[in-house]
Every structure is written in structure tokens, then in C-alpha cells.
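Please read the numbered points with the model open alongside.

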Amino acid sequence: MTSTNQFDIIITGAGPSGATCALTLKKSGLRIALVDKESFPRDKICGDAVSSIAKRILRQIDPELELNLLEFAPKTNITKAKLYSPVFKSLEIGFSKVGHCIKRIDFDNWLFQHACHQHPNLTLKTNHAVKDVYQDKGMNHVKLQNGEILTAPLIIACDGAHSVAAKKLGKIKVDRKHYSGAVRQYYRNIKGLEGNALEVYFLKGYLPGYFWIFPLSNNEANVGFGMLSDTIAKQKIDLKQSLNEIITRIPEVAERFADAEALEDIKGFGLPLGSKKYRLSGNGFMLCGDAASLIDPFSGEGIETAMESGKFAAEQAIQCFKEQNFTGNILKAYDKRVYKKMWPNFRNHYILQQFLGKRIWLINSLISIGNISFINKRIPKLFY
Ligand SMILES: Cc1cc2nc3c(=O)[nH]c(=O)nc-3n(C[C@H](O)[C@H](O)[C@H](O)COP(=O)(O)OP(=O)(O)OC[C@H]3O[C@@H](n4cnc5c(N)ncnc54)[C@H](O)[C@@H]3O)c2cc1C
């Protein structure tokens with residue numbers, strides 16, 4: 001091992017959690033290795049909905065970042081969600097703050113480039129997959145695919161739903177009751193796209209799951225279908241086939257896709273949900289974003305929680321270096337901060353997910369009731 005492979009912090013994964021962590025550490029003076037198996041720009045299978053909270057997190061790190069994101073070209077401005085019941089009654093929920101739909105290939109690259117820009121103590125290892133993570137004499141060792149070994153007292157795991165460190169150090173195992181599966185396909189030219197609305201459909205024959213159409217720039221849209229993994233396994237559901245059927249066989253949907261062009265094959269990925277608490281840190285490590293299972297169990301949003309956990313982990317890391325203490329005992333403060341901020345939402349949204357999942361007959365009535373203006377005004381508070 002050469003000294004060039006010794007760092008203060010190794011961040012595995014440079015998606016929203018890893019890039020935000022590296023951004024927050026920019027002025028820390030700490031020597032950081034940022035490792036990703038891909039090179040950027042790279043795609044990430046997602047609904048591409050970036051909530052207004054992501055902008056708040058950027059603003060907290062540096063107000064210039066938020067302004068820069070607003071000038072960043074390929075995006076749509078999202079001001080509402082439209083929920084459709086199985087009988088195609090709709091409920092519009094207006095957002096108090098504007099969110100965006102931005103293809104992840106663009107958003108993640110934007111964030112990654114800002115994380116790396118003028119970061120003198122950052123060593124970038126893209127195109128390097130982490131193969132193994134192990135601990136020895138108070139040090140973390142990260143073994144890369146090419147055999148190289150990186151060493152640091154602190155590892156911040158941001159390597160997504162299949163995180164090597166979450167499995168090896170955090171001992172996290174997939175729990176299907178707290179995990180979803182979803183598929184995505186990009187389309188162009190869908191009829192009747194409003195451009196500023198997230199469309200979410202609860203469809204007869206496809207419950208308890210949801211189908212979405214999220215508008216992107218250039219008349220494109222992110223189209224997808226997702227469901228709890230427990231249900232997928234029990235009912236042997238093929239998500240790709242379901243998405244195809246929805247688009248071609250449900251008349252109200254098929255009519256809108258008549259002249260639409262699919263821009264890719266259907267692709268799928270997992271969503272580790274925040275409805276179950278895990279230990280997010282231990283001696284010399286912290287887990288962030290999907291590696292820490294921090295996706296909202298009702299909306300499926302995980303970008304903002306990934307970014308926020310990346311920021312919290314960076315701030316905790318700075319504290320650890322001040323105190324020269326990397327033990328699990330001090331790192332518990334990170335878990336506490338993450339769950340203090342996120343658990344109330346995760347808990348409430350899990351109740352909503354469970355309640356509706358078992359009472360799908362209620363969706364029609366709830367959407368009708370939601371249209372009563374007194375109640376409608378209060379619905380956004382459920383989510384934000
Ligand atoms: C179909 C679908 C739809 C979704 N829709 C939305 C949505 O609309 N809005 C929303 O907010 N969230 C959505 N999510 C959730 C969101 O995508 C994730 O929560 C978010 O990407 C988490 O960010 P992250 O940085 O933790 O992980 P990721 O974005 O997965 O980033 C992990 C990074 O680690 C790298 N990596 C992985 N393994 C290794 C390895 N072994 N070695 C080195 N590097 C590695 C990857 O290349 C990647 O760059 C959706 C998820 C899915 C699957």
C-alpha cells in the first residue's frame with residue numbers, strides 16, 4: 001500500500017448522497033477519495049422528480065448552487081400532482097414550492113461536477129467499482145475492482161441500493177416489506193401532458209401499485225410503474241409486463257400513448273424504503289441515501305433524503321476529525337440526526353401506504369373527498 005492510497009474519508013458512490021457529501025466537505029481541508037463504478041454523466045433509473053427540498057439543501061450548502069440549478073437548462077417546473085382513482089376521477093394537489101423534473105443523467109452530473117469543481121483535496125476514482133470493504137486495526141480498507149486498496153479512518157457509504165458497505169459493515173439485508181421495485185421508460189409525444197404536473201394513477205388490476213407519468217423538457221416524459229416488493233413476490237408480478245399492459249390495454253391511458261414514441265427499453269431498479277429503522281453507522285462508517293434505506297415509503301422520493309443524509313454525514317465527519325474520534329459511539333449522533341429529521345415523515349407515510357394498500361376500494365372515495373376544497377388545502381401538509 002502506498003501513501004497515495006491513504007485518505008481521511010472514502011466516499012463510495014457519487015450519486016446525490018455521495019456528491020452532496022463531497023460538496024459539503026469541500027472547505028474542510030480533509031483528504032477525500034470519491035469512488036464510483038461509473039463515469040459521469042451516467043443514467044440512474046428513477047422518476048426524475050426532484051422536490052423543492054433538494055433546492056433548500058443546496059441553498060444551505062451554498063446559495064449560488066440553488067441559483068445555478070435554476071439556470072440549468074433541461075428541466076420542467078412542477079407545481080402540482082394529479083392523482084387518478086381507478087375510475088379516473090382526479091384530485092389535484094398544488095405544491096407550495098416549485099419542484100422540478102430533471103433527467104438523472106443531467107441532474108446527477110450537474111451535482112457531481114459541482115462536487116468536484118475546485119475541490120483541491122479530492123481524489124476522484126470514477127470507473128472503479130468497490131468490490132469489498134473491511135476493517136482492520138481501526139482502519140477501513142476499500143478494495144476496488146482493479147485490486148487497488150484505499151484506506152481511511154472513515155468511510156461514508158453512498159453506493160446506493162446494492163451498497164457493498166451497507167451489507168458488509170452495516171449488516172443490512174433486504175426486507176421485502178420495506179422495499180419496492182419499479183420500472184421506468186422514457187417516452188416522447190404523449191398526448192395531453194400539462195408540463196407542470198406529476199400524474200400518478202391507481203389503476204384497477206394493478207393495485208396496490210402506482211403508474212406515473214412525469215413531464216420532462218422537449219416533450220418527453222418519464223413513465224413508470226412501482227409496487228412493494230413483498231406484493232411483487234407474493235403475486236409473482238412482472239413489472240415490465242404490467243407497464244406494457246397499462247400503456248397498451250387501458251383505454252384511457254392507451255389513447256394518450258397512441259402517437260407516443262418509446263425512447264428506450266423498460267428498465268427496473270429497487271427502492272430501499274425508510275419505513276424500517278436501521279443502525280446507520282458504526283465504528284468508522286456511516287451509511288447515506290439508498291445505502292441507508294431512506295426512501296419515502298409513500299411517494300418513493302429518495303433524492304432529497306439522499307442529499308440531506310450526505311450533508312449530515314459530512315458535518316458529522318468534520319466533528320469526528322475535530323475530536324479525532326471515529327467510534328460508533330460518537331457516530332450515533334448521525335443516526336439520531338437523520339431519524340429526528342426524517343422518521344416522522346417515514347412513519348406517517350408508511351401508515352398511509354399500509355392503509356391504502358389494504359383498502360384499495362377506498363381510493364375512489366378518498367379522491368372524491370379530497371376534491372372538497374377545505375380538505376384539499378390541507379393535503380399538501382401531509383407531504384411537506
Ligand atoms: C424506478 C425508480 C423511481 C424513482 N423515482 C424517484 C423520484 O421521482 N424522485 C426521487 O426523489 N426519488 C426517486 N427514486 C429514488 C432515488 O432514485 C434514490 O433514492 C436516489 O437515487 C438515492 O441516491 P443515492 O445517492 O443514495 O444512490 P444512487 O443515486 O443510486 O447513487 C449511487 C452511486 O453509487 C455508485 N455505485 C453503486 N455501486 C457501486 C460500487 N460497488 N462501487 C462504486 N460505486 C458504486 C453508482 O454508480 C451511483 O453513482 C426512484 C427510484 C427508482 C428505482
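1. The model under discussion is predicted. The domain assignment divides the protein chain into domain 1 (3-78 + 100-174 + 274-355) and domain 2 (176-272 + 358-383). Between the C-alpha centres of domain 1 and domain 2 the distance is 27 Å.

2. How many residues of each domain take part in the contact between domain 1 and domain 2? Domain 1 contributes 35 residues, and domain 2 contributes 30. About 2800 Å² is buried between domain 1 and domain 2, and carbon and sulfur atoms give 60% of this area. Of the area that domain 1 buries against domain 2, 21% is supplied by I45, K103 and F355, more than by any other three residues.

3. The polar side of this interface also deserves attention. Across the interface of domain 1 and domain 2 there are 2 salt bridges and 11 residue pairs in polar contact, both residues of each pair being at pLDDT 80 or more. On the side of domain 1 that touches domain 2, strand 4 (76-84) and helix 10 (328-358) each supply at least two residues. Helix 10 gives the largest share of that side, 6 residues. Sorted by class, the side of domain 1 that touches domain 2 holds 14 nonpolar, 13 polar and 8 charged residues.

4. The salt bridges come to 25 by the rule applied here. One of them joins E194 to K80, with the closest N and O atoms 2.8 Å apart. This pair links distant parts of the chain, since E194 lies in the loop between strand 11 and strand 12 (197-201) and K80 lies in strand 4, 114 residues apart. E194 is partly exposed, with a relative accessible area of 38%, whereas K80 is buried, at 14%.

5. The side chains of E264 and R184 meet in a salt bridge at 2.9 Å, N to O. E264 sits in the loop between strand 15 (261-262) and strand 16 (267-272), and R184 sits in strand 11, 80 residues apart. E264 counts as buried because its relative accessible area is 15%, under the cut-off of 20%. R184 is likewise buried, at 1% relative accessibility. The side chain of R184 also meets that of D43 in a salt bridge (2.8 Å, N to O). Salt bridges with shared partners join D43, R184, E264 and K267 into one network.

6. A further salt bridge connects the side chains of K341 and E308 (3.4 Å, N to O). K341 belongs to helix 10 and E308 to helix 9 (residues 303-323), and the two residues are 33 residues apart. K341 is partly exposed, with a relative accessible area of 41%, while E308 is buried, at 6%.

7. Is K171 buried or exposed? K171 is exposed, with a relative accessible area of 63%, and lies in the loop between helix 5 (164-168) and strand 11 (179-188). A polar atom of the K171 side chain lies 3.0 Å from the backbone oxygen of K168.

8. T151, in strand 9 (residues 149-152), is buried, with a relative accessible area of 5%. The side chain of T151 makes a polar contact of 3.1 Å with the side chain of H141.

Definitions and conventions: Residues are numbered from 1 along each chain as its sequence is written. This is a predicted model: local features need pLDDT of at least 70, side-chain atom pairs count only at pLDDT 80 or more; totals for chains, interfaces and linings use all residues. Side-chain values use heavy atoms; hydrogens and water are left out. Domain bounds come from an automatic or database domain assignment. Contact means heavy atoms within 4.5 Å. Buried area is the accessible area (1.4 Å probe) that two parts lose on being put together, summed over both. A salt bridge is a side-chain nitrogen of Lys or Arg within 4 Å of a carboxyl oxygen of Asp or Glu. A polar contact is a pair of N or O atoms within 3.5 Å; within protein, one must be able to donate a hydrogen and the other to accept it, and residues adjacent in sequence count only if both atoms are side-chain atoms. Helices (H or I, at least four residues) and strands (E, at least two) are DSSP runs, numbered from the N terminus. Ala, Val, Leu, Ile, Met, Phe, Trp, Tyr, Cys and Pro count as nonpolar, Asp, Glu, Lys and Arg as charged, and the others, Gly among them, as polar. Buried means under 20% relative accessible area, exposed over 50%, partly exposed in between (1.4 Å probe, protein chains only).
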